[in-house]
There are 4 protein chains.
Amino acid sequence: MTREFVAEFLGTALLLAVVVGSGIMGESLAGGNQAVALLANSLATGSALVVLILVFAPISGAHLNPVVTLSAAARGKLTWSKVAPCLLAQVLGAFVGVAVAHVMFGEPAFTASSHIRSGPGQLVSEAVATFGLVLTILAVERSRPAAVPYAVALFIVSAYWFTASTSFANPAVTLARGATATFAGIRPVDVPGFVVAQVVGAAGAVATFAWLWSPERAPGADRRTVAGQGGLVDVADEA
Amino acid sequence: MTREFVAEFLGTALLLAVVVGSGIMGESLAGGNQAVALLANSLATGSALVVLILVFAPISGAHLNPVVTLSAAARGKLTWSKVAPCLLAQVLGAFVGVAVAHVMFGEPAFTASSHIRSGPGQLVSEAVATFGLVLTILAVERSRPAAVPYAVALFIVSAYWFTASTSFANPAVTLARGATATFAGIRPVDVPGFVVAQVVGAAGAVATFAWLWSPERAPGADRRTVAGQGGLVDVADEA
Amino acid sequence: MTREFVAEFLGTALLLAVVVGSGIMGESLAGGNQAVALLANSLATGSALVVLILVFAPISGAHLNPVVTLSAAARGKLTWSKVAPCLLAQVLGAFVGVAVAHVMFGEPAFTASSHIRSGPGQLVSEAVATFGLVLTILAVERSRPAAVPYAVALFIVSAYWFTASTSFANPAVTLARGATATFAGIRPVDVPGFVVAQVVGAAGAVATFAWLWSPERAPGADRRTVAGQGGLVDVADEA
Amino acid sequence: MTREFVAEFLGTALLLAVVVGSGIMGESLAGGNQAVALLANSLATGSALVVLILVFAPISGAHLNPVVTLSAAARGKLTWSKVAPCLLAQVLGAFVGVAVAHVMFGEPAFTASSHIRSGPGQLVSEAVATFGLVLTILAVERSRPAAVPYAVALFIVSAYWFTASTSFANPAVTLARGATATFAGIRPVDVPGFVVAQVVGAAGAVATFAWLWSPERAPGADRRTVAGQGGLVDVADEA
């Protein structure tokens, strides 16, 4: 359990260092063009996500996200006793990652964001983003597990752009981004709404997945999967 | 069939949410630089296409596009009775996706586009784009099926830039983009021309594929393919 | 041979349509920022290269480039009688591709470029770019053949930026780009120098490859390769 | 040993030609927008890294980086007698690469940089970047060796943006970048601090890896790996 805790802590810390650090760098260099800053921020985040999942998945599954951990527990893939330490590691890691980014860029460890992110459009955005993220993980884990790192990263790159909230889609990330008065920040008062919307979206994804991929409804869904090496290997997963 | 209908509906809805949403976001942040907006739009669309095909292909083939469904039926890979519900799901999904994007960005559900996209250059562009898209799907599905999600996405990223129309290449997408007065919109009166050009391009691709990959002309074309797991697996498909 | 001719023709035509078309689009939208235009141009070209190689490699090897065809012949991998028709298909395809791009964007079929690309820096650039391209193809084809489409595309994306000439690295492409008075053009008088530099670079790559990967010098180089399916499959080629 | 020396020399030379060349090109075209220049620089570097590792890994492991070579030696994967020639090849290659870039862009072979990169934020950045890079290599080499070229490249793309130093993470690269008065340069007086920070980061990564992936702590970590073809093949490595 210590190893899993450390992996989730370290992975989430590096994720936040990337999200916050690349936001600071992008904004400081982009000369006021916010789209160029967000291109940098989304490219850096997506690139890092592939790597972090490749590195930490063999140890802890590389959830790096409380709603992913909760979805796994809800589906019986993770014992509930592991959930609390996992979430704790993710939240602690997230705040440490923000502090690391701030130190690299010569800022105080934590600063309160005043970036307003409220209103129905933002909440719908977070629900849609988290629905898409969790559905992606569940579906690709089932049919092409080795493609999960790429699928997760590409979904987030896309969601940075197609949602009005730039897709936080992660309660630990949301909490910690309340503590940075930079490009990636969110006003602390807007955090609870984001988290609720994320949980709603994740629950919708778990339900949709259960319906669409249920054994009685999709008897052929397993035909591309070969049971081997503990179920982790999929013979069609080769691109 | 219900599952396939839902998969095509949901996949096309998410695709349109990405196309329209990232267009709105890109344009609103790019400070008037349309190339930066299109970089964001193409990056988001390509990233999402990989994910949507990975997620929905095991259920419905993830056509998300009427001309892809029609091409499959014309080649005898899909029974004709499934075509109509498939197209219906795609068109309904496309409009719902536009509405979702609009809600996220605080717009009315539908707005009529006044974005002029007419003239011979536009029509040739749509024919070329759809020719390339359908040929890509048919050829890569045959020689390296697991690479299809990546090939489709990369083709579209490229076609957003090399065609004068930014490559709609999809009648359901074209119809629904008539209902958004944003970056991705198209004047409703220009829609029929686009759809005709797309059908022409797709037909050309089916004919070209049939000629170039016909068994008598390409007796060795199958030498890299291993029949296994229902023909879905290709041993050379490993990069 | 007809099939191979058509594949090389069609592939090179599409390649030039992408190179020239995305150059026109990028420049027209970028508001004078040439780096943004080149980002679009390089992204579109790289994306298309993956797809074109995936699509046409099973038929003709997808050389799409005279120096690649010549390198293959020099190494005894292609009979010399096939070289001339191959080069003809590539050159014809390249000019047709330029015309297709021009038609899509409402330009005359061909226009003479006045884009000056001369001087020693440009020639060294073309030699370095072609050296890198051919070495990449030879080395990756040997150790991880399924990764070739990705390796070629990524090399070209990189070379668009790190060489002073934006890396033509292809005599057919160079000739045809003399016929476009747009972003991607080259003054016809500068074409011969480019072609000579490209041949020099390719010859250097063939020699370097022969030395570094010679059986007596690299007895273990084959240990990762499994002879199967006509030598096209490499068991380590799985990322 | 000659082959390995030449591979490390050539690979590092090409890497520096890319880093410095794309920096010059990006800055000269970006019209003063430093973020656009860094987008080009990071895209070119990441693309090239995939290719260079694919090309040279079968010969020398494609370290291209003294701290990677030292980490391998410290872990007993490389005999210490090979370390000095390896480092020499990397450093020589790095300087030659800078000169090649300069020649392509019509600059003198070497020029002293006056780009100030000092202060604690820069040093922490280099330690974090090198920690992440080395941990990525060690972890992915163990669980999915065929994904290493992609993981390394994506990590560096990300680190160009999320660290305040734009992530040199390589002592040979750092030394040679002291010899270019262009976008990618570093004031020679700032080089030693960077190198020390890089060694500290790499040592931290080796220690973290040893702890997290130790056999007694991670008895199941090998369950996804199949010993075959000299331990280079991983059955789960298929995306």
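The legends below accompany close-up views of a predicted model.

**Figure 1. Chain A is built from helices.**
Chain A holds 8 helices and 0 strands. From the N terminus on, the order of elements reads α-α-α-α-α-α-α-α. Of the 239 residues in chain A, 67% are buried. Among contacts in chain A with a separation of 6 or more, 76% join residues 24 or more positions apart.

**Figure 2. Helices H1 and H2 of chain A pack against each other.**
H1(A) covers residues 2-29, and H2(A) covers residues 34-60. Their axes lie 9 Å apart, at an angle of about 170°. That angle makes H1(A) roughly antiparallel to H2(A), because values over 145 degrees fall in that class. The contact of H1(A) with H2(A) has 13 nonpolar residues, 7 polar residues and 4 charged residues.

**Figure 3. Helix H8 of chain A and its surroundings.**
H8(A) runs over residues 191-212. At 1.5 Å a residue, its 22 residues should span 32 Å. The end C-alpha atoms of H8(A) are 31 Å apart, which agrees. The buried residues of H8(A) are A:Phe194, A:Val195, A:Ala197, A:Gln198, A:Gly201, A:Ala202, A:Ala205, A:Val206, A:Phe209 and A:Leu212. The cover over these buried residues comes from both chain A and chain B. In chain A it includes H3 (66-74), H5 and H7 (171-177). In chain B it includes H1 (2-29) and H2 (34-60).

**Figure 4. The interface of chain A with chain B.**
Here 38 residues of chain A are in contact with 44 residues of chain B. On the chain A side, H2, H5 (120-143) and H6 (148-162) each supply at least two residues. H5(A) gives the most, with 10 residues. By class, the chain A side has 23 nonpolar, 9 polar and 6 charged residues.

**Figure 5. How chain A relates to chain B.**

**Figure 6. H6 of chain A crosses H1 of chain B.**
The axes of H6(A) and H1(B) come within 7 Å and cross at roughly 55°. That makes H6(A) oblique to H1(B). H6(A) contributes A:Ser158, A:Trp161 and A:Phe162 to the contact. H1(B) contributes B:Ala17, B:Val18, B:Gly21, B:Ser22, B:Met25 and B:Gly26. By class, this contact has 5 nonpolar, 4 polar and no charged residues.

**Figure 7. B:Ala44 and its contacts.**
B:Ala44 sits in helix H2 of chain B. It counts as buried, with 26 C-beta neighbours inside 10 Å, where 20 or more are required. Neighbours within four places in sequence are left aside here. Beyond them, B:Ala44 is in contact with A:Ser158, A:Trp161 and A:Phe162 from chain A, and with B:Val18 and B:Ser22 from chain B. B:Thr174 is 130 residues from B:Ala44 in sequence, and their C-alpha atoms are 18 Å apart in space.

H4(B) comprises residues 83-104. Its 22 residues should span 32 Å at 1.5 Å a residue, and its end C-alpha atoms are 31 Å apart, which agrees. Just after H4(B), B:Gly106 takes a positive phi of about 70°. H5(B) comprises residues 120-143. Its 24 residues should span 34 Å at 1.5 Å a residue, and its end C-alpha atoms are 34 Å apart, which agrees. In H5(B), 22 of the 24 residues are buried, so the helix is largely enclosed by the rest of the structure.

B:Ala169 lies in the loop between H6 (148-162) and H7 (171-177) of chain B. Its phi is near 60°, a positive value in a residue other than glycine. B:Ala169 is buried, with 31 other C-beta atoms within 10 Å. C:Leu64 belongs to the loop between H2 (34-60) and H3 (66-74) of chain C. C:Leu64 is not a glycine, yet it has a positive phi of about 55°. With 32 C-beta neighbours inside 10 Å, C:Leu64 counts as buried.

How values were computed: Residues numbered from 1 in each chain as written. Chains lettered and ligands numbered in written order. Predicted model: local features only at pLDDT ≥ 70, side-chain atom pairs only at ≥ 80, totals over all residues. Axes fitted to C-alpha atoms, helices over the stretch in contact; angles between N-to-C directions. Helix = DSSP H or I, 4+ residues; strand = E, 2+ residues; numbered from the N terminus. Parallel < 35°, antiparallel > 145°, perpendicular 65-115°, else oblique. Nonpolar A, V, L, I, M, F, W, Y, C, P; charged D, E, K, R; others polar. Contact = placed C-beta atoms within 7 Å. Expected span 1.5 Å × (residues − 1). Buried ≥ 20, exposed ≤ 12 C-beta atoms within 10 Å, placed from the backbone.
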